[in-house]
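Please take a look at the model below. We will walk through it one region at a time.

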Amino acid sequence: MKILLIEDDREAASYLIQALDESGHVSHHASDGETGYAMASSMDYDVLIVDRMLPRRDGLSIIESLRAEDNHTPVLILSALGEVDDRVTGLRAGGDDYLVKPYAFTELLARIEVLARRATPAEAATQLQVADLSLDRLSRKVEREGETILLQPREFRLLEYLMKNAGKVVTRTMLLENVWDYHFDPQTNVIDVHMSRLRGKIDKGHANPLLHTIRGAGYMIRE
Amino acid sequence: MFRLAQLWRTTTVRLTALFMLIFVVFAIGLLALISWQTSTQLQQQQADAIDRETAQLIRIDSDAGFRATIVAVERLSRQPGPGLYYLADPSGQMIVGNIDDLPPEVLAEPGTFSFNYARPRPLLDEADVSALGTAVVRSSRLESGLILVVGRDVVERRGFTALIFRWFAIGVGGILLLSMLAGVLTAVRVLRRIDTIASTSRKIMSGDLSERIPVTRRNDEFDGLATSLNQMLDRIEQLMVGLKEVTDNVAHDLKTPLTRLRNQAEAALRDDKSEAARRAALEETIEESDRLIRTFNALLLIARAEAGTPPGALADVDLSAVVGDVAELYAPVAEDDGITLETRIAEGVRVNANRELLGQALVNLVENALKYSQPTDAQPGRIEVALQREAGRVLISVADNGAGIAEVDRKRVVERFVRLEKSRTEPGSGLGLSLVNAITRMHGGTFRIEDNAPGVRAVIELPAA
């Protein structure tokens with residue numbers, strides 16, 4: 001994946017670039033708003049990571065200009081401003097996701113990988129398939145090895161989100177945001193409990209588990 | 001003590017002076033009016049008296065002849081008082097009377113005259129009348145051919161006017177003196193009260209927040225002001241104490257994990273560590289910093305919620321859905337812990353709120369209930385999440401049947417960083433309930449903790465949309 005990072009904190013940026021390189025991505029760095037905007041509009045990137053407060057030009061105005069030019073590269077906004085309203089303004093400006101500093105690198109990585117995926121047609125597919133597990137988004141039917149699995153509505157949405165992002169790590173906060181549509185901060189392992197329920201329904205009695213816990217990061221569904 | 005310039009600057013003294021000026025102008029006008037009125041009236045009375053006596057004497061003359069007239073005039077002339085009489089034969093030769101030097105024109109023809117004359121005798125027994133008097137007289141011809149002159153010495157009139165003036169002056173002077181005195185006394189009193197307030201505020205500014213403005217028992221406007229100011233000072237002192245407490249708590253609750261963090265990092269750097277141990281130590285470090293970030297976030301959120309709501313920050317929220325979502329989110333967790341989570345949620349309750357923050361508040365309450373429910377075999381854990389409408393209000397409540405909170409502590413747990421001793425060992429920042437409290441207040445509601453016997457019931461009361 002080709003990633004552009006627009007971030008003025010050099011130390012944070014060099015750490016991020018290095019970590020992204022280690023995860024197998026190609027990343028460029030711009031340390032101010034003007035340079036970042038010039039690079040984003042002249043080159044093709046899969047994902048942009050944009051800090052909100054930048055010298056010379058602020059992050060939101062870069063995103064607005066890009067969107068006005070019909071550039072729809074997915075954007076992840078990084079910000080120290082974490083209030084609900086700040087998130088809303090960020091997403092309204094054209095950002096696709098919003099991550100509050102300080103964040104875990106695994107969280108950032110999971111989010112940009114899901115963002116890059118969003119641009120592909122898998123988003124619109126009505127039938128999701130992972131190995132012998134299939135999910136029909138229209139009839140809301142889930143089957144494994146031809147056997148119907150009965151899921152609660154929320155469990156269905158949980159599985160749907162995981163399967164839509166099959167092969168990618170999804171973090172607990174991503175699940176809370178996308179499945180429950182809340183951005184608050186649960187102190188307990190509430191998501192893990194839901195995942196173990198789901199795992200009990202789809203993996204129990206099958207030789208090869210599909211739902212995997214990724215230590216220190218989140219969950220992934222894959223063959 | 002109070003200099004004159006300082007007194008003159010006071011509103012009271014200035015107002016007193018202004019009122020005095022207005023009063024003097026008014027009094028002078030009134031005096032002029034009264035004296036003019038009086039003198040006109042006296043003049044009229046004298047003229048009437050002169051006419052009456054003249055008419056009487058004319059009747060005596062025509063009825064009883066000139067001898068009776070002479071007797072009557074002589075009797076009148078001898079009476080003390082301002083009356084002036086003169087009876088002359090047709091040639092102008094004086095027969096009887098009490099003035100002698102009449103101007104010749106008075107005798108020449110009938111009419112009314114006013115002239116100065118030498119007073120022949122003391123008038124009205126007053127010592128201070130001058131020798132020269134002013135007379136008003138009327139002369140007439142009698143049937144018998146005699147010339148009659150009846151008049152009055154106007155000294156009587158003048159004396160009366162002077163008398164009025166004198167008493168008026170004394171009265172006005174007295175009033176001026178008294179009002180000036182009253183004004184100065186009031187000003188001194190006001191200045192003294194204000195000086196007290198000023199000196200108290202100087203003491204407070206120099207750092208003694210416990211200082212208060214003395215309140216007298218007079219219950220006047222100054223006492224009203226002092227009471228309000230003292231209430232304001234109470235509030236400020238309370239906030240300052242609160243702030244100090246918060247800083248102390250922040251220092252403790254943030255420094256402790258920061259110290260742990262530092263120790264873990266140091267331990268990880270030590271050479272004698274195996275690769276696995278080093279890794280574990282670093283993971284510990286990350287977990288510790290995540291906890292710190294949580295605490296920071298909660299503090300920021302509280303500060304933000306306590307600062308109040310910017311207009312337009314609240315939106316129409318389906319509260320029934322939010323409460324349902326949170327209950328559903330935590331139902332499996334409760335079940336795993338052997339706790340039944342029941343819901344009693346009224347349908348279609350909408351409020352003007354911030355969905356995320358209310359959700360966070362509710363999550364905090366449910367997590368607390370889960371944390372402090374200690375189910376035993378004898379008593380299974382039970383949590384009830386309820387949403388109900390009640391007379392213009394909306395009540396969100398989370399009740400558990402756990403160990404409960406002693407009555408004395410129920411108010412305290414809502415405060416920042418307060419963690420009851422028995423829960424010190426549990427994970428958590430001690431900010432959960434204060435965040436709930438701040439969020440509730442931001443929505444114009446109240447948050448309280450009630451006894452659920454056993455356990456507690458946390459209630460968020462919001463105004464209905």
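Leaving aside neighbours within four places in sequence, A:Asp46 is in contact with A:Met1, A:Lys2, A:Thr73 and A:Pro74. Contact here means heavy atoms within 4.5 Å. A:Asp46 sits in the loop between helix 2 (33-42) and strand 3 (47-51) of chain A. Helices (H or I, at least four residues) and strands (E, at least two) are DSSP runs, numbered from the N terminus. The C-alpha atoms of A:Asp46 and A:His72 are 9.8 Å apart in space, and the two residues are 26 apart in sequence. A:Asp46 is partly exposed, with a relative accessible area of 36%. Buried means under 20% relative accessible area, exposed over 50%, and partly exposed in between (1.4 Å probe, protein chains only).

This is a predicted model, in which local features need pLDDT of at least 70, side-chain atom pairs count only at pLDDT 80 or more, and totals for chains, interfaces and linings use all residues. Residues are numbered from 1 along each chain as its sequence is written, chains are lettered from A and ligands numbered from 1 in the order in which they are written, and side-chain values use heavy atoms, with hydrogens and water left out.

Now look at chain A as a whole. It has 8 helices and 12 strands. Of its 223 residues, 52% are buried. Take the contacts in chain A with a separation of 6 or more: 57% of them join residues 24 or more positions apart.

Next come some backbone details in the loops. Most residues other than glycine have a negative phi, and most peptide bonds are trans. Which residues depart from this? A:Arg56 has a positive phi of about 70° although it is not a glycine. A:Arg56 lies in the loop between strand 3 and helix 3 (59-68) of chain A. It is exposed, with a relative accessible area of 64%. A:Asp70 also has a positive phi, of about 65°, and is not a glycine. Its place is the loop between helix 3 and strand 4 (75-79) of chain A. At 59% relative accessibility, A:Asp70 is exposed. Then there is a cis peptide bond, between A:Lys101 and A:Pro102, with omega about -10°. A:Pro102 is in the loop between strand 5 (97-100) and helix 5 (105-118) of chain A.

Chain A also has an open sheet of 3 strands, in the order 10-12-11, with antiparallel pairing. Its edge strands are strand 10 (170-171) and strand 11 (211-214), each pairing on one side only. Two strands pair if DSSP finds at least two bridges between them. Strand 10 and strand 12 (residues 218-221) of chain A pair over 2 bridges. A:Val170 stands opposite A:Tyr219 in strand 12.

Move to chain B and find strand 1 (residues 83-88). Are its residues buried or exposed? The strand is mostly covered, with 6 of its 6 residues buried. B:Gly83, B:Tyr85 and B:Leu87 point one way, while B:Leu84, B:Tyr86 and B:Ala88 point the other way. Strand 1 runs antiparallel to strand 5 (residues 147-153) of chain B, and 6 bridges join them. In strand 5, B:Leu148 is the bridge partner of B:Leu87. Strand 1 is also joined to strand 2 (residues 94-97) of chain B, by 3 antiparallel bridges. Here B:Tyr86 has B:Gly97 as its bridge partner. Strands 1 and 2 of chain B form a hairpin with 5 residues between them, and B:Gly92 in the turn has a positive phi of about 100°.

Now go inside. In soluble globular proteins, nonpolar side chains tend to be buried together. A nonpolar core is a set of buried Ala, Val, Leu, Ile, Met, Phe, Trp, Tyr and Cys residues joined through side-chain atoms within 4.5 Å. The largest one has 89 residues, and those with the most contacts inside it are A:Leu133, A:Leu159, A:Leu175, A:Ile221, B:Leu319 and B:Tyr330.
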